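Morning, everyone. Please bring up the structure on your screens. I'll keep this short.

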Amino acid sequence: MNQYITSPIYYVNDIPHIGHAYTSIACDIYARWQTLNKRDVYFLTGTDEHGQKVEKSAISKNQTPTEYCDKVSNIFNQLTVDLNLTNNDFIRTTQERHKVFAQNFWSKLETNGWIYKGYYKGWYAVRDEAFYDESELIDGKAPTGAPVEWREEESYFFKLSFFGEFLLEVFRLMPDFIKPSTRFNEVVSFVSGGLKDLCISRTSFKWGVEVPHADNHVMYVWLDALTNYLSALESKNLTSKYWLNAKKTHIVGKDILRFHAVYWPAFLLAAEFEYSTIQSHIPSEFCKQNFDTIKSLLPTQIFAHGWWTNEGQKISKSLGNVINPYDLINQFGIDKLRYFLFAEVVFGSDGDFNISSFISRTNADLANNIGNLLQRTLKLYQKNCGFEVDMQVPEIEAFDLLSKFDVAINTFQYHEALSLLIKYSSFANEFFDKNAPWSLFKEGKVNEAKQVLAQILKMLTNISICLTPFCPSSAEKMMVFMGLDHTNIASIINIKRLKTTEPQVLFERYAIK
Ligand code: MSP
C-alpha cells in the first residue's frame, strides 16, 4: 500500500531548534526505511506562515510579513538538506497552491452547512494560536503557560460541538488512530468532556488566508495549516494515490495532538458530508455504514511524540537554553544527532538533552561497538587475505535482525529498533572475540579464520542496512568499505562475494568534557 508521512509544518516566527529537527528526522527515518524496502512512500514537510504570531514577529523585525516569511522559510528549507531529509515536497502556506486549496476547503465546509457567523468573546493565546475557555486557565495563563489575551470580534464558527459522539465512534472503530495509547486515552477523555463550536475566522489582523466572500475575515491559522497535508498532494494530483488510497501518518508533538486528532478529522468529515445528512443519523450507525469512506478520508494514524528538555529545563527562548541543531551537526555530524535523538529516549516519551549523554552514547554504540567491529574485521581480513571475500559461508544469526527491525520501525518503536541493532552488533563483537580469528591466522588455520570474518561481514551487512534510516551517510560509507552497492539493497542481502576497500574511521570518538 502507498504511504504518506508528514511532519508538522513549522511556524516561521523563530529559527529552527532541536524540537523541529526531531519531528522531521522521525519522519525521515520512517520514509527512508520504506524506500529501502521498496515500498512507495511520500514524505511532506514545510512551513506554517500565517497567523498573528508570525505577523508580530515580522513587525518586531521591521519587515513585511512576506519578506520575513521568505527568509525564515528558506532557513527551514535549508534545514531539510542539512538534516539529510528525503522529503518529496516542501509546502509553504503562503504559496498560491495552498491558499487556493484552503479557500476551496472552506467553501466545502460552508456548502455542507457546517459554518455559521457569530461573535467570539473569550481568551486567545497568540503563542499557541489557540482559543481557551475561562475554565481551562491556570493562574490567568493558558494550560501551556502561554499568556492569553481577551478577544471580542465577529467570527465564523465551525459546528465542532456536533462531532463529539461521532469522533468517539471513529476512535472506537480505529483503535490505532492515535499512538502511543496513553495519548489515545487523553484525546478520548478530552472529547468525552464535550466539544464547543470552534471559532475559525479572525478580523482583528490581516495576515492569513482570506475567507471566501467575507471581507475582513482571515481563516483561523489552524484551519489553514491543517489543510497543508492535502493542498500539497492536490497541487500535484496525488490525492488519490497518497491520501484516499494510502496509509497516512502524521507525526506531531504532543502539544499539537488535539488539533490533529480532533479538529482535523472533524474538518475532513465535514468537507465530505453535509451537516443535515449526518445530523439525521445516529453517529454509531452512520460511522459503521460509511466506514470505508471515513477511513479513506481520515489519516490512518497520528503519532504524538514527547518533548525534549535541556539539562532538565524546559527549552525556551526566554531561558536562553534553546538547542540549535547546527551546533550539534557542526561539531559531531548529522548522523550522530539523528542516532542520539532516537537511541536515548523511547519515541513517544519526553527526553532530556544532555551533552555528556550525547557523547557517551554515540561513543559507546557507534564508535566502540559498530565502528570498531567494522574496523577490526576488515583490517584483519585485508592484512591476511587481501580485499576479496568469499561470502558463501554458513550463516551465524543471533536473531533475524532485518524482520524484527522492520516491525519496530513500522510501529514507530525506534528505540526498540536501535536496541535490537546494538544487541546484534554486540553479539557480532562477542563472536569475534570468542572465535579469535587473529589466533586462527597465527596457527595457520586460514580457512577457519576467513570463515569467521566472512560471517561477521555478513552481520555487518545487516547492520549497515538497519543503520541506513538513522545514520544514512555513515551506513553508506560502511557499505562502500565492504564493497556493497548501497543503491541496491536487495542485491546485498545474499551477496556471494565482496570486494572490500580500506576502511576509514566511521565514527569519531569524543572525550566527555
Ligand atoms: N505550526 C504548528 C504546526 C502545524 S501542523 C499543521 C506548530 N509549529 S511549531 O513550529 O511550533 O512546532 C512544530 C513541532 O515542533 C511540534 O510538533 C512541536 O511538538 C515540536 N517541538 C517544539 N518544541 C519541542 C521540544 N522542545 N521537543 C520536541 N518537540 C518540540 O506547532
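Start with the crossing of α6 and α10: it is right-handed. Keep in mind that this is a predicted model.

Now some background. Two packed helices are described by the angle between their axes and the distance between the axes.

So what are the angle and the axis distance for α6 and α10? Helix α6 covers residues 181-192, and helix α10 covers residues 257-272. They pack at an angle of about 55°, and their axes are 11 Å apart. That angle makes α6 oblique to α10.

Which residues make the contact? From α6, we have Arg-183, Val-187, Phe-190 and Val-191. From α10, we have Leu-257, Arg-258, Ala-261 and Val-262. Sort them by class: six are nonpolar, two are charged, and none is polar.

Next, the sheet. It is open, has three strands, and runs in the order β14-β13-β15. The pairing is mixed. Strands β14 (313-314) and β15 (351-353) are at the edges. Each has a single partner strand, so one side of each has no neighbour in the sheet. Look at β13, residues 308-310: it pairs with β15 in the parallel sense, over three bridges. Thr-309 stands opposite Asp-352 in β15.

Last, the rings. How many aromatic pairs does a search of the whole structure find? The count is 54. Take Phe-131 and Tyr-220. Their ring centres are 5.0 Å apart and their planes are at 55°, so this pair is tilted. The pair links distant parts of the chain, 89 residues apart. Phe-131 is in strand β5, while Tyr-220 is in the loop between β10 and α7.

Conventions
Residues are numbered from 1 along each chain as its sequence is written. This is a predicted model: local features need pLDDT of at least 70, side-chain atom pairs count only at pLDDT 80 or more; totals for chains, interfaces and linings use all residues. Side-chain values use heavy atoms; hydrogens and water are left out. Axes are lines fitted to C-alpha atoms, for helices over the stretch in contact, and angles run from 0 to 180 degrees between N-to-C directions. Helices (H or I, at least four residues) and strands (E, at least two) are DSSP runs, numbered from the N terminus. Angles under 35 degrees count as roughly parallel, over 145 as roughly antiparallel, 65 to 115 as roughly perpendicular and the rest as oblique. A crossing is left-handed if the near helix is turned anticlockwise from the far one by less than a right angle, and right-handed if clockwise. Contact means heavy atoms within 4.5 Å. Ala, Val, Leu, Ile, Met, Phe, Trp, Tyr, Cys and Pro count as nonpolar, Asp, Glu, Lys and Arg as charged, and the others, Gly among them, as polar. Two strands pair if DSSP finds at least two bridges between them. Rings of Phe, Tyr and Trp (its six-membered ring) pair if their centres lie within 6.5 Å; planes under 30 degrees apart count as stacked, over 60 as edge-to-face and the rest as tilted.
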